[in-house]
Amino acid sequence: MSESVSIRATAQVDPSAEVGDGTTVWDLAQIREKAVLGRECIIGRGAYVGPGVRLGDRVKLQNHALVYEPAVLGDGVFVGPAAVFTNDHFPRSVTPDGRLKRGEDWEAVAVVVEEGASVGARSVCVAPVRIGRWSLIAAGAVVTRDVPPFALMAGVPARRIAWVGREGSRLTESPAHPGLWTCPATGARYEEHDGLLTEL
């Protein structure tokens with residue numbers, strides 16, 4: 001492991017995990033076997049990264065975030081405190097005949113989070129689901145279906161309530177040209193077509 005990696009003494013990082021340069025793993029975090037963490041990530045206190053989970057560069061997992069395998073997070077993803085990524089369609093502790101379920105008794109399904117997206121505190125992403133690039137999931141939301149890029153999602157179950165830009169601010173729609181949106185912070189422009197937003 002690179003000398004530029006910082007791992008607190010109380011964190012648990014499996015020897016088979018890959019941790020990129022400049023990454024920090026804080027107290028009581030657990031990084032499981034064969035997980036891959038990119039460069040300059042921050043893994044908060046008590047966060048959990050499951051076996052084989054893949055994180056891109058500059059990913060931030062805040063305190064007590066739980067990312068279960070086989071989740072994949074793109075570059076620049078933010079996961080708020082106590083957010084949970086599930087991995088089972090039909091969670092049960094036992095099989096129908098009462099045996100304790102083992103790994104071979106179920107098939108893990110993934111939450112995939114694309115570049116730049118943010119998942120708010122205490123939100124739950126119910127796998128399988130894909131969260132589009134630069135989208136924003138509000139705190140406490142429950143995501144049960146795929147999220148389009150740049151969508152602001154809130155509620156239980158989560159629904160789109162607005163569009164956001166890369167900077168994170170809500171976009172404003174042009175009164176003269178419906179379907180054309182502008183970021184008030186950066187001036188970036190976007191176009192909406194068939195329920196999807198694209199950058200201009």
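Trainee: What lies over the face of Trp163, and at what distance from the ring centre?

Mentor: Arg160 does, at 4.0 Å from the ring centre. Keep in mind that the model is predicted. The cut-off for a charge over a ring is 6 Å from the centre. Arg8 also lies over a ring face, that of Trp26, at 3.9 Å from the ring centre.

Trainee: How many aromatic pairs are there?

Mentor: The count is 2. Tyr48 and Tyr68 form one of them, with 5.2 Å between centres and 45° between planes.

Trainee: Why is the pair of Tyr48 and Tyr68 called tilted?

Mentor: Stacked needs under 30 degrees and edge-to-face over 60. The angle here is 45°, so the pair is tilted. Tyr48 sits in strand β8 and Tyr68 in the loop between β11 and β12, so the pair ties together parts 20 residues apart in sequence.

Trainee: What makes Phe150 and Tyr190 edge-to-face?

Mentor: Their planes are 65° apart, and the label needs over 60, so it applies. The centres are 5.1 Å apart. Phe150 is in the loop between β20 and β21, Tyr190 in strand β25, so this pair ties together parts 40 residues apart in sequence.

Trainee: How many residues does the largest nonpolar core have?

Mentor: The core has 47 residues. Ile43 is among those with the most contacts inside it.

Methods
Residues numbered from 1 in each chain as written. Predicted model: local features only at pLDDT ≥ 70, side-chain atom pairs only at ≥ 80, totals over all residues. Heavy atoms only, no water. Core = buried A, V, L, I, M, F, W, Y, C linked by side-chain atoms within 4.5 Å. Buried < 20%, exposed > 50% of the residue type's maximum accessible area, 1.4 Å probe, protein only. Phe/Tyr/Trp six-rings, centres within 6.5 Å; stacked < 30°, edge-to-face > 60°. Helix = DSSP H or I, 4+ residues; strand = E, 2+ residues; numbered from the N terminus. Lys NZ or Arg CZ within 6 Å of the ring centre and 35° of its normal.
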